[in-house]
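User: Please take a close look at one helix-helix packing in this model. I would like the geometry and the contacting residues set in the context of the chain.

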Amino acid sequence: MPEPPVKDPVLDADDAAESGLRPAPKRKPISWSMIVIAVLVAVSAALVYRRDGAAGVWEILKHDLTLFGGILPRVLAGCLLGAFITEILPHEKVSRSLGPASGLKGLLIGAAFGAILPGGPFTAYPVASALLAVGADFGATIAMVVSWTLIGYGRAVAWELPIMGTDFTLWRIVISVPLPILAGALGRFVYVRLYPKAAP
């Protein structure tokens, strides 16, 4: 007897229809991007084997396993952070502040949040995924990610100010400020046209 389908722990389609929120995207274990990467890895391994033999391939594998071991705890911490944020944040408030109907305010909040978000990609992307899961729309989330990439104060203070100087850093930030808003607005525009049924 087949087992009943497991409901999405975040938000299934029925809950989304009742609450007015967009259902959380379902993640496939194997996607086209993973297939492309696997093919590229296989081709690269074959080229290295042809040039350096099995010893060259083994040396790269040992180095990558060491790197993976160092990165894995941070990936786990970032994924746990995203999962906890998904459970903690109130879906209705996030949807009102960052959802499709939030307008310019949602883009500004997303951009401001991205600018002050500390940490690297192991923090930023799980948080962005959690926001999408609890009701933020593509536009506000894109504004957050672009703002974190371009304006993020952590990198500016730790790296840019000491190396590039105050004038360069300040002007670079001032010039970058409109870009997350524009990217978020464009993302919202494209999403509505690509997925009209999911749009409000």
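Analyst: The chain has nine helices and zero strands, where helices (H or I, at least four residues) and strands (E, at least two) are DSSP runs numbered from the N terminus. The model is predicted: local features need pLDDT of at least 70, side-chain atom pairs count only at pLDDT 80 or more, and totals for chains, interfaces and linings use all residues. Residues are numbered from 1 along each chain as its sequence is written, and side-chain values use heavy atoms, with hydrogens and water left out.

Helix 4 (residues 103–116) packs with helix 6 (residues 138–150) at an angle of about 30°, their axes lying 7 Å apart. Axes are lines fitted to C-alpha atoms over the stretch in contact, and angles run from 0 to 180 degrees between N-to-C directions. Helix 4 and helix 6 are therefore roughly parallel to each other, a term for angles under 35 degrees.

On the side of helix 4, the contact (heavy atoms within 4.5 Å) is made by Gly106, Leu107, Gly110, Ala111, Phe113, Gly114 and Ala115. Helix 6 contributes Gly139, Ala140, Ala143, Met144, Ser147 and Trp148. The residues of this contact comprise eight nonpolar, five polar and no charged; Ala, Val, Leu, Ile, Met, Phe, Trp, Tyr, Cys and Pro count as nonpolar, Asp, Glu, Lys and Arg as charged, and the others, Gly among them, as polar.

For the chain as a whole, 29% of the 200 residues count as buried, meaning under 20% relative accessible area with a 1.4 Å probe, protein chains only. Among contacts with a separation of 6 or more, 67% come from residues 24 or more positions apart.

Technical notes
Angles under 35 degrees count as roughly parallel, over 145 as roughly antiparallel, 65 to 115 as roughly perpendicular and the rest as oblique. Buried means under 20% relative accessible area, exposed over 50%, partly exposed in between (1.4 Å probe, protein chains only).
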